[in-house]
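Visitor: I have a model open and would like a walk through the fold. Can we start with the terms and then go through the parts?

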Amino acid sequence: MTDALPEKGVPGEQILAELQELRAGDLPTHGGRLFAYVYDPALDGLDALARAAHATSAHVNGLDPTAFPSLLAMENALVGATARLLGGGPATVGSVTGGGTESLILAVKAARDAHPDIRSPRLLVPSTAHAAFAKAAHYLRVEFDVVPVTDLRADPRAMAAAVTPDTVLIAASAPSYAHGVVDPIPEIAAIAAERGVRFHVDACFGGWILPYLRRLGADLPDFDLSVPGVTSISADLHKYAYAPKGVSILLHASEELRRPQYFAHADWPGYTMINPVISSTRSGGPIAAAYATLRSIGDTGYLDLARKTRESVAVLAAAVEATDGVRLYAPTETSVVCLASDGVDLFVLADELAARGWHTQPQMAHADHPPTIHLTVTAAVHATAASFAPDLADAVAAARSRGPIELPPLPPLTPEMITPELIASLAEGLGLGAGDFTRMAAVNTILNAAPPALREALLTGFLSLLQRPVFG
Ligand SMILES: Cc1ncc(COP(=O)(O)O)c(C=O)c1O
């Protein structure tokens with residue numbers, strides 16, 4: 001199956017069967033037992049609708065909205081709906097990007113390019129800000145200032161103290177991915193406004209659920225464009241808007257703020273290239289699928305999905321609290337349950353949960369944070385949440401009887417020592433050679449013990465090992 005260019009074309013039915021076979025090895029995208037990567041509303045017929053909408057526009061090119069006004073119309077509708085949800089006003093403008101990381105890179109680019117006078121521009125974030133900000137700073141050659149958090153939340157006083165004359169953008173999360181807590185946005189916005197610095201709220205993760213959680217009575221701070229001082233905000237439609245992958249929205253409080261986000265180039269013999277986002281040619285498929293998803297679910301539908309998510313979070317959190325050996329690490333104020341160990345090896349526990357069909361996301365120790373297990377809870381979990389408690393208790397008991405991972409003494413490694421050969425032999429020794437990633441406790445234990453730079457080098461090497469062409 002792995003020959004992508006057979007000598008003679010293969011019948012469609014066969015190809016689809018091959019795809020199904022390949023997909024069978026993936027984590028389950030439905031069923032309410034996967035707590036990362038995928039957002040599932042568990043709504044009958046929605047997949048089919050989104051697929052059909054995607055197919056309608058898959059070959060439409062977002063490069064030129066005058067050639068394909070259908071895409072412009074859908075994009076404007078998506079931006080309008082997001083602005084309405086996130087406190088936008090008549091001056092609000094926005095763009096449809098391919099994902100959260102792209103939205104954040106563009107927010108940083110707009111802030112950087114608004115200040116050609118600043119030679120060494122700086123981005124200021126709390127330590128819980130998403131890694132995509134580090135990527136933005138790296139790609140755009142912007143200095144990256146990271147301020148420690150207090151009780152998992154950005155500390156406004158510490159943030160204020162870290163602002164410099166070269167700070168072009170301050171950012172914070174609503175909520176943070178790792179712990180699901182909302183930073184004190186109004187306080188940070190006031191600091192940004194006072195210092196005349198742009199302030200981006202990263203609501204990529206929670207932007208589409210926080211407004212509904214608040215309508216359901218959740219006690220959460222103001223976090224959106226209605227807060228004076230917030231100059232931009234991002235919300236991913238492929239997260240809690242439950243659209244298929246490939247759509248995020250970046251909103252700016254005014255057209256003037258958005259202007260430096262654009263890239264324009266007329267000085268070549270071809271067409272004048274005007275790009276609001278990073279990609280130039282873009283498929284209309286994800287945009288049409290997102291448009292169909294939003295229209296199909298509607299406002300009351302999203303409220304109901306948020307209610308299901310909220311109820312599921314409460315059930316999962318109660319399960320954690322009732323289980324000896326684990327504890328809640330963060331307040332469950334949004335859609336995340338984050339648990340830490342109270343005497344059990346968390347990486348063994350994650351494997352034991354996976355063996356019982358619950359796919360969680362281990363998070364490594366960082367600074368003052370111990371290792372944790374992250375659960376992104378979506379509406380689909382409503383159907384399964386009640387069966388989590390017995391499986392968690394069972395998995396904890398199994399992890400206890402297996403005991404913690406004991407590693408053989410490893411030679412001291414530094415990132416410079418990581419070679420493809422070393423990675424290959426490590427992967428083989430850890431049983432990853434055959435592509436079985438179901439028992440990851442030993443790997444996670446090694447990664448957890450590695451300082452971030454070494455962890456980056458190890459995982460980069462491993463990904464590079466996986467990404468090898470198949471020549472057929
Ligand atoms: C808070 C936050 N920001 C940004 C991102 C990056 O989004 P993406 O993976 O769509 O690029 C994520 C992804 O989980 C996120 O949780």
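Guide: Two strands pair if DSSP finds at least two bridges between them. Helices (H or I, at least four residues) and strands (E, at least two) are DSSP runs, numbered from the N terminus.

Visitor: Which residue in β13 does Q363 stand opposite?

Guide: Q363 stands opposite T372 in β13. Three bridges join β12 to β13, and the two strands run antiparallel.

Visitor: Before we go on, what kind of model is this, and how are residues numbered?

Guide: This is a predicted model, in which local features need pLDDT of at least 70 and side-chain atom pairs count only at pLDDT 80 or more, while totals for chains, interfaces and linings use all residues. Residues are numbered from 1 along each chain as its sequence is written, and side-chain values use heavy atoms, with hydrogens and water left out.

Visitor: Back to β12 and β13. What is the strand order in their sheet?

Guide: The order is β10-β11-β13-β12, an open sheet of four strands with antiparallel pairing. Its edge strands are β10 and β12 (361–363), each pairing on one side only. Neighbouring strands of this sheet are turned by 30° against each other on average, direction ignored. For such angles, axes are lines fitted to C-alpha atoms, for helices over the stretch in contact, and angles run from 0 to 180 degrees between N-to-C directions.

Visitor: How many bridges does β11 make to β13, and how many to β10?

Guide: Five bridges join β11 to β13 (residues 372–376), in the antiparallel sense. C338 stands opposite H374 in β13. Three bridges pair β11 with β10 (residues 326–328), again antiparallel. There, L328 has L339 in β11 as its bridge partner.

Visitor: Is β11 mostly covered or mostly open?

Guide: Mostly covered: five of the six residues of β11 (residues 336–341) are buried. Buried means under 20% relative accessible area, exposed over 50%, and partly exposed in between (1.4 Å probe, protein chains only).

Visitor: And where do side chains point in a strand?

Guide: In a regular strand the side chains alternate between the two faces of the sheet.

Visitor: What about the seven-strand sheet, what order does it have?

Guide: It is an open sheet with the order β1-β7-β6-β5-β4-β2-β3 and mixed pairing. The edge strands are β1 (93–97) and β3 (143–147), and each pairs on one side only. Neighbouring strands of this sheet are turned by 20° against each other on average, direction ignored.

Visitor: Which way do β4 and β5 run, parallel or antiparallel?

Guide: Parallel, with five bridges joining β4 (residues 167–173) to β5 (residues 198–202).

Visitor: On to helices. How far does α4 reach?

Guide: Helix α4 (residues 100–113) has 14 residues and reaches 20 Å from its first C-alpha to its last, close to the 20 Å expected at 1.5 Å a residue. The expected span is 1.5 Å times one less than the number of residues in the helix.

Visitor: How many residues of α4 are buried?

Guide: Eleven of its 14 residues are buried, so α4 counts as mostly covered.

Visitor: Where does L392 lie, and what does L392 touch?

Guide: L392 lies in helix α12 (residues 388–402). L392 is buried, with a relative accessible area of 0%. Not counting residues up to four places away in sequence, L392 touches A319, V320, T323, V326, L349 and L353, where contact means heavy atoms within 4.5 Å. L392 and V320 are 72 residues apart in sequence and 7.8 Å apart in space, C-alpha to C-alpha.

Visitor: Last topic, the whole protein. How many helices and strands?

Guide: The protein has 15 helices and 13 strands. Buried residues make up 48% of the 472 residues.
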